[in-house]
Amino acid sequence: MENKLRVAAYARVSTEKDDQINSLTSQKSYFADYISSQSDMELSKVYFDEGISGTQTRKRAGFNQMIKDALNGKFNLILTKEVSRFARNTVDTLFYTRKLKEAGIGVVFTIDHIDTRQSDGELRLTIMASLAQEESRKTSERVKWGQQRRMEQGIVFGRDLLGYRVKDGSLSVNPEEVPVIKAIFHKYANEGKGTHVIARELTEEGYRPKRNSRWSASVIFRVLRNEKYVGDLCQKKTFTPDYLTHKKKYNRGEEEKIYLKDHHEAIIDRDLWKRTQAEMKRRSLSAAQKARHSRRYWCSGKICCGECGSQFVSRTKKLTVGTYKAWRCYQTANHGILKVDVEGKEIGCNNNSINERALLTCMKYCVSLVCQNRKQLLGEILSEIQAVCRELVTATDEDTIRQKLDAIEEKKRKSFDAMLEGMITKEDLKKQTEWYDSELSRLRPLLGENGPHDRQYSKKEEIVVLEKTLDKILSFHEDNEMLYREMLEKVVVYREDERGCSRLVVWLKSLPFGIRLKIRSTGRGEEYHTEILESEFVS
């Protein structure tokens with residue numbers, strides 16, 4: 001009994017429609033009879049996979065468990081009927097048989113008369129595995145060809161979807177789900193609502209999606225793009241490029257799609273469908289433009305919600321007295337006030353929005369706080385600029401300038417000679433002379449040839465203009481969004497229950513503290529006004 005080989009058997013059927021000869025029950029019975037007829041073998045276990053293709057081993061639980069048990073020493077030999085039962089992938093067949101052989105475990109293919117323990121076993125196995133793989137390829141091509149013909153005949157491949165049932169290759173309307181489909185298209189095309197808002201409203205109205213746990217923008221988007229709701233049928237949206245891996249890919253023109261118009265009963269009319277697709281295209285282009293200008297505003301990505309931690313997003317409305325621009329918490333904008341959804345999760349936010357003009361007022365105030373000694377700051381900046389200018393003048397080599405002047409004078413003389421010799425025209429000479437004169441006029445002042453008084457006066461004028469410009473920047477009489485963008489680190493906005501008031505903390509770059517503000521905003525349009533009620537420094 002101790003000398004007997006512990007043997008495992010492996011059986012596989014690729015589909016549940018295989019004939020009786022290759023059925024799972026038949027294969028199990030076959031191995032039981034085979035082993036009982038061998039005096040030197042005892043059955044350890046029969047491993048099997050049912051309804052799974054043999055072109056890949058990743059999803060074959062029975063096969064993978066058998067390999068694991070074999071390497072753990074639970075048996076000494078594996079029996080299988082033929083190579084195509086073991087694997088239809090040549091690489092997989094050789095990989096696993098070699099791996100088992102290294103562990104001292106042989107594989108016997110009873111019908112093919114191949115034993116990997118024998119010297120010629122791998123050669124014969126390679127030939128048979130290649131034949132099995134080629135047969136698998138031909139089978140895959142036959143199946144794809146058959147599916148193509150059935151698709152062209154209008155047979156539906158797929159499963160139930162929201163609004164339709166699929167049975168025996170036909171689509172039929174599910175009346176219970178029709179209202180939600182019509183509501184989605186109506187909200188999007190007629191009411192102008194976005195996918196996030198539609199998802200939130202459907203949740204609030206008690207509708208449930210078909211398979212997903214909750215409504216989302218992507219679920220709504222897939223509904224709006226699905227041609228089945230207008231009565232058309234598009235198939236081969238995905239395809240399988242490799243019959244060995246069976247991995248599907250989205251069909252982006254690699255294979256011809258099959259589109260049948262007016263294939264089944266529609267849920268929405270074609271006019272609404274066309275308007276929806278046109279609106280989706282318009283919004284898509286608009287979204288692309290917004291993405292390119294995601295930092296178009298001075299505070300984009302810098303305003304945070306102090307209640308839920310989300311970013312604030314820009315919202316603009318056109319009013320009869322102008323444009324109202326404000327920033328709102330992303331959660332509030334997409335889900336409304338704080339609530340609990342059907343799954344018990346909190347969505348939304350109760351934070352208040354903040355007007356763009358109120359933000360600018362706060363920034364002007366905060367920057368003025370840290371720049372109170374404006375005259376000293378102005379003097380320091382001008383001093384630095386003058387020092388740099390002196391270094392540049394000192395660094396200028398007068399000999400180099402004189403050499404450039406001499407070179408230009410020489411070129412100017414040669415131009416006259418070239419004109420006299422007929423090499424250039426009078427018009428060309430005039431253009432070249434004008435350019436040489438402009439260069440001489442630019443270089444001569446650097447040597448003081450126009451007089452030291454003129455040079456000093458010119459520099460004094462430049463300093464006066466520069467001083468006025470800096471004074472205007474540091475005065476903060478006007479909003480300077482470019483300056484605010486460079487100085488602002490972030491703004492945290494907190495909820496304030498008092499009507500018309502907001503509370504926020506402004507953090508400026510390179511400062512170890514923030515400035516907490518309480519503001520009150522009143523009026524609208526041109527009468528809009530923001531008042532700073534409280535301010536304090538916070539660490």
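Trainee: Which residues do ring pairs link into a cluster with Phe63?

Mentor: This is a predicted model, in which local features need pLDDT of at least 70, side-chain atom pairs count only at pLDDT 80 or more, and totals for chains, interfaces and linings use all residues. Residues are numbered from 1 along each chain as its sequence is written, and side-chain values use heavy atoms, with hydrogens and water left out. Rings of Phe, Tyr and Trp (its six-membered ring) pair if their centres lie within 6.5 Å; planes under 30 degrees apart are stacked, over 60 edge-to-face, and the rest tilted. Ring pairs link Phe63 into a cluster with Tyr10, Phe86, Phe95, Tyr96 and Phe109.

Trainee: How many aromatic pairs are there by this rule, and what is the geometry of Phe63 and Tyr96?

Mentor: The count comes to 14 aromatic pairs. The ring centres of Phe63 and Tyr96 are 5.2 Å apart and their planes stand at 85 degrees, so this pair is edge-to-face.

Trainee: Are Phe63 and Tyr96 buried or exposed?

Mentor: Buried means under 20% relative accessible area, exposed over 50%, and partly exposed in between (1.4 Å probe, protein chains only). By that criterion, Phe63 and Tyr96 are both buried.

Trainee: Which ring does the charged end of Lys28 sit over?

Mentor: A charge sits over a ring if NZ of Lys or CZ of Arg is within 6 Å of the ring centre and within 35 degrees of the ring normal. The charged end of Lys28 lies 4.1 Å from the centre of the ring in question, that of Phe48.

Trainee: Where does the charged end of Lys81 sit?

Mentor: Its distance from the ring centre is 5.4 Å. The charged end of Lys81 sits over the ring of Tyr30.
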